[in-house]
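Here are a few exercises to work through with the model open beside you. Try each task before you read its solution.

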Amino acid sequence: MDTKHAAATGAARETAVYTHGHHESVLRSHRWRTAENSAAYLLGELRPGAAVLDVGCGPGTITADLAERVAPGGRVTGVDAAEDVLAQARAHAQQRGLGGAVSFAVADVHALDFPYDSFDVVHAHQVLQHVGDPVRALREMRRVCRPGGVVAARDADYAAMTWYPATPGLDTWLDLYRRVARANGGEPDAGRHLRAWARQAGFTDVTSSATAWCFAAPEETAWWSSLWADRTQSSSYADTAVRGGHATPADLAAAAEAWHTWGTAPDAWFAVLNAEILCRA
Ligand SMILES: C[S@@+](CC[C@H](N)C(=O)[O-])C[C@H]1O[C@@H](n2cnc3c(N)ncnc32)[C@H](O)[C@@H]1O
């Protein structure tokens, strides 16, 4: 039996908790994402008529962009472990007049409910860092991708985030975030692992790259700092940080304050390094 078919045996179920949840402060950043600013490495692989699976699609702005890129005749399926966010993704696709080309369903990337070889492109943006078994997830993405198709993933690497000016409270925030994400079963420094995970999942043709998001204009630093300040105090992350004994509400308030301090600093600048893999199935 080849490794692709061997991969499907055995039960698989998610064991990690999605660190961010879908609070408004989280979706504020997810809705900003486009195929251009978040999936540029994949665009050359998209053809009219292609069948695309977008795993962990969240509120679906990238999903909708992918649908426009495979028109006419293409179809995109967005799946996510959380039903509540799919309602928003459906509404977004409808608003953009893409209702016929896009469909959504609840699914766990470790056990996708699709036959072998169902899609030309299988994509996951900022998802593998949150799952309990990213290698299993990539095997499952490979299973549903047709031979010659592409499995694509992009993830940030939290330890590689960098900013100016030095803001000690943000060092504390980053350390806390990485501890909470790991306690939830994820890998916050996923970016540096992607290539290795892909090879462990059985891919032999893997192209690796990296691109950054950079927030430097005053309106960008105001947006980025306020959404992180709000996330730090009001999202599922805040709940798990406190319930897990990693931080007190006062610690989270201090981290939020550090974000505001950084965001209003003259010459504030922040970069998020994102790793990317394009794996030929
Ligand atoms: C950081 S968000 C990214 C959303 C979207 N891809 C984007 O970039 O805007 C991660 C998404 O993955 C989903 N997710 C987490 N674990 C998952 C799993 N095991 N299977 C499918 N989706 C999962 C979460 O519910 C969340 O919507």
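**Exercise 1: Backbone exceptions**

Pro 165 sits in the loop between β6 (162-164) and α7 (168-183), where helices (H or I, at least four residues) and strands (E, at least two) are DSSP runs numbered from the N terminus. This is a predicted model, in which local features need pLDDT of at least 70 and side-chain atom pairs count only at pLDDT 80 or more, while totals for chains, interfaces and linings use all residues. Residues are numbered from 1 along each chain as its sequence is written, and side-chain values use heavy atoms, with hydrogens and water left out.

Task: find which peptide bonds are cis, and which residue has a positive phi although it is not a glycine.

Solution. 
1. Recall the background: most residues other than glycine have a negative phi, and most peptide bonds are trans.
2. Start at Pro 165: the bond from Tyr 164 to Pro 165 is cis, with omega near 0°.
3. Go to the loop between α4 and β2, which holds Pro 72. The bond from Ala 71 to Pro 72 is cis, with omega near -5°.
4. Finish at Gln 126, in the loop between β4 and α6 (134-143). Gln 126 has a positive phi of about 60°.

**Exercise 2: Around the ligand**

Task: describe the ligand's shell and its polar contacts (pairs of N or O atoms within 3.5 Å).

Solution. 
1. Check the side chains: a polar side-chain atom of His 125 lies 2.7 Å from a ligand oxygen, and one of His 22 lies 2.8 Å from a ligand oxygen.
2. Check the backbone: an N or O atom of Ala 81 lies 3.2 Å from a ligand nitrogen.
3. Turn to area (Shrake-Rupley, 1.4 Å probe): the ligand alone exposes 600 Å², and the protein buries 97% of that.

**Exercise 3: The largest pocket**

Task: what is the volume of the largest pocket, and which element gives the largest share of its lining?

Solution. 
1. Define a pocket: on a 1 Å grid over the protein atoms alone, an open set of points where a 1.4 Å probe fits, with protein on both sides within 12 Å along at least five of seven lines; lining residues have an atom within 4 Å of a point.
2. Read the volume, the space filled by probe spheres set on the points: about 640 Å³.
3. Inspect the lining: of 41 residues, the closest to the centre are Tyr 18, Gly 56, Gln 126, Val 127 and His 130.
4. Find the largest share: α9 supplies three residues.

Methods. Polar contact = N/O pair within 3.5 Å; in protein donor to acceptor, adjacent residues only side chain to side chain.
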